[in-house]
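Visitor: I am new here and would like a tour. Could you show me the structure before we talk?

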Amino acid sequence: SSGINAEWPLRPGYFEIYKMAERPEDLNLPMSVVTRITKEALPDGCMVSKEARLALSKAASVFVLYATSCANTVAQKNKRKTLTAPDVFTAMEEMEFETFLEPLKDSLEAYRSEQGQIKERKAAKKKEKEEKDAAEKELEKTTLESSTLVSSELEQAANNTAEEEDTKDSEETDKEEEVMIVDTPASGTLDQPQVVE
């Protein structure tokens, strides 16, 4: 078989895809992507003309549109609106491109593995950030508690010092207010006590 189903241009949905674009060129793959894929597929030193790259781009675009249309038909048969990987695999079989199935499945598995690794790295990074934030909050809390404790100890010490000074002042005031008895040596007798302030 030639690899192309004879009914491919007449498949339902194929022309609707073209109608959705304002211009047919909007559906072409980017030339940079086509050029890169072409260079990877060909041996070193092989040159590809501009017209050949344009033809490859158009052919690849038609292939992608056709495969999408076939996969959409498979999804509709299964009463679904979302295309899935098994729909694409079935479409490739219907299009008689079975040789693409294994590389396509391998690519899908590699993509899923890569996405899983990316997800794991993001989760690990998020967990690390949460742990770091929790440690910083704990440190901040401990620092605040320590500074509060030190402040209260300093305040207590200041209060104790103030109380000691008040007590000394009070004692000095009490001493000054004591009544002193002075005896006069000339008379040898005791006079009335005198209050000295």
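Visitor: How do the residues lining the largest pocket divide into nonpolar, polar and charged?

Guide: This is a predicted model, in which local features need pLDDT of at least 70 and side-chain atom pairs count only at pLDDT 80 or more, while totals for chains, interfaces and linings use all residues. Residues are numbered from 1 along each chain as its sequence is written, and side-chain values use heavy atoms, leaving out hydrogens and water. Ala, Val, Leu, Ile, Met, Phe, Trp, Tyr, Cys and Pro count as nonpolar, Asp, Glu, Lys and Arg as charged, and the others, Gly among them, as polar. On that scheme the lining of the largest pocket has 11 nonpolar, 1 polar and no charged residues.

Visitor: Which element gives the most residues to that lining?

Guide: A pocket is an open set of points on a 1 Å grid over the protein atoms alone, where a 1.4 Å probe fits, with protein on both sides within 12 Å along at least five of seven lines; lining residues have an atom within 4 Å of a point. Helices are DSSP runs (H or I, at least four residues), numbered from the N terminus. The elements giving two or more residues to the lining of the largest pocket are α2 and α3 (50-77). With 6 residues, the most comes from α3.

Visitor: How much space lies in the largest pocket?

Guide: Its lining includes Leu 29, Phe 63 and Phe 100. A volume here is the space filled by probe spheres set on the grid points, which are joined across faces, edges and corners. For the largest pocket, that comes to about 520 Å³.

Visitor: Is Thr 38 buried or exposed?

Guide: Thr 38 sits in helix α2 (residues 31-41) and touches Val 48 and Leu 56, not counting residues up to four places away in sequence (contact means heavy atoms within 4.5 Å). Buried means under 20% relative accessible area, exposed over 50%, and partly exposed in between, with a 1.4 Å probe and protein chains only. Because its relative accessible area is 11%, Thr 38 is buried.

Visitor: How many nonpolar, polar and charged residues line the second largest pocket?

Guide: The second largest pocket holds about 180 Å³ of space. Thr 38 is one of its lining residues, as are Lys 39, Asp 44 and Arg 53. The largest share of this lining, 3 residues, comes from α2. By class, the lining has 5 nonpolar, 3 polar and 3 charged residues.

Visitor: In which helix of the chain is confidence highest?

Guide: pLDDT is the predictor's confidence in each residue, from 0 to 100. The chain averages 78, and 72% of the residues score at least 70. Confidence is lowest in helix α1 (residues 14-20), at a mean of 53, and at 92 highest in α4.
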